Amino acid sequence: MLPGMKAALNYHPIFVHFPIVLWLAALFFQLLALWRTSDEMQRTTARLLYLGTLAALVTVWSGLSAAKSVPEGDAMRAVGIHETMMLVSTSLAVALCMFAFLARQNFTAQLRKLMLAGLFVLAVLVTIGADRGAQLVYGYGSAVNWTTAQQQK
């Protein structure tokens, strides 16, 4: 029924986009929360951050499993950078989740600015990490079944 899933060498690519999108959306809503001084936007930011972090935990688990299939060499060095950046990103997201939860009753303008700074750093880290993930797929062909691709030509 789902031939793409059947052909997948690992399931990491299924999950990777969720934390990226949710965290970047949280950054956008945090900008709105600060600009509009909106508690509702602040709650939306927190919800997106929580969902993105939950998705990241699943993504990290699938990524650690997928890393075992990468051959030694240049690709494995890129895995190291990708893995480090994404583990740091996920750790920062967990810290931001705790911050959002603890400050939820009293998000002052200063706390909103601090959250914005944290989400901006998170966006930079996840962008660099995602770039290394793209390098693994498009530069090194990781998780691409070259034998099957060649047989289909």
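Q: What should I know about the numbering and the model before I start?
A: Residues are numbered from 1 along each chain as its sequence is written, and side-chain values use heavy atoms, with hydrogens and water left out. The model is predicted, so local features need pLDDT of at least 70 and side-chain atom pairs count only at pLDDT 80 or more, while totals for chains, interfaces and linings use all residues.

Q: How many helices and strands does the protein chain have?
A: Helices (H or I, at least four residues) and strands (E, at least two) are DSSP runs, numbered from the N terminus. Here the protein chain has seven helices and zero strands, giving the pattern α-α-α-α-α-α-α along the sequence. Its C-alpha trace spans about 60 × 35 × 20 Å along the principal axes.

Q: What share of the residues is buried?
A: Buried means under 20% relative accessible area, exposed over 50%, and partly exposed in between (1.4 Å probe, protein chains only). Of the 153 residues in the protein chain, 37% are buried. Areas come from the Shrake-Rupley method with a 1.4 Å probe; for residues, only the protein chains shown count as cover. The accessible surface of the chain comes to about 9,500 Å², with 69% belonging to carbon and sulfur atoms.

Q: How do I read contacts along the sequence?
A: Contact means heavy atoms within 4.5 Å. Among the contacts in this chain with a separation of 6 or more, 75% are between residues 24 or more positions apart.

Q: What span should helix 5 have?
A: The expected span of a helix is 1.5 Å times one less than its number of residues. Helix 5 (74-102) has 29 residues and should span 42 Å, and its end C-alpha atoms are 42 Å apart, which agrees.

Q: Which residues of helix 5 are buried?
A: An α-helix has 3.6 residues a turn, so residues three or four places apart point the same way. The buried residues of helix 5 include A75, A78, H82, M86, S89, A93, L96 and A100. Their cover includes helix 2, helix 3, helix 4 and helix 6 (109-139).

Q: Which residues make the nonpolar surface patch?
A: Patches are made of residues with over 30% relative accessible area and no salt bridge: like charges are joined within 9 Å, nonpolar side chains (Val, Leu, Ile, Met, Phe, Trp, Tyr) within 5 Å. A salt bridge is a side-chain nitrogen of Lys or Arg within 4 Å of a carboxyl oxygen of Asp or Glu. Here L51, L54, L57, V94, M98, F101 and L102 make a patch of about 710 Å². Helix 5 gives the most, with four residues. L57 lies in helix 4 and counts as partly exposed at 44% relative accessibility.

Q: What does the side chain of S62 make a polar contact with?
A: A polar contact is a pair of N or O atoms within 3.5 Å; within protein, one must be able to donate a hydrogen and the other to accept it, and residues adjacent in sequence count only if both atoms are side-chain atoms. S62, in helix 4, is buried at 5% relative accessibility, and its side chain makes a polar contact with the side chain of H12 (2.9 Å). The side chain of N10 reaches the backbone nitrogen of H12 at 3.1 Å.

Q: Is T37 buried or exposed?
A: T37 counts as exposed, at 62% relative accessibility. T37 also has a positive phi of about 50° although it is not a glycine.
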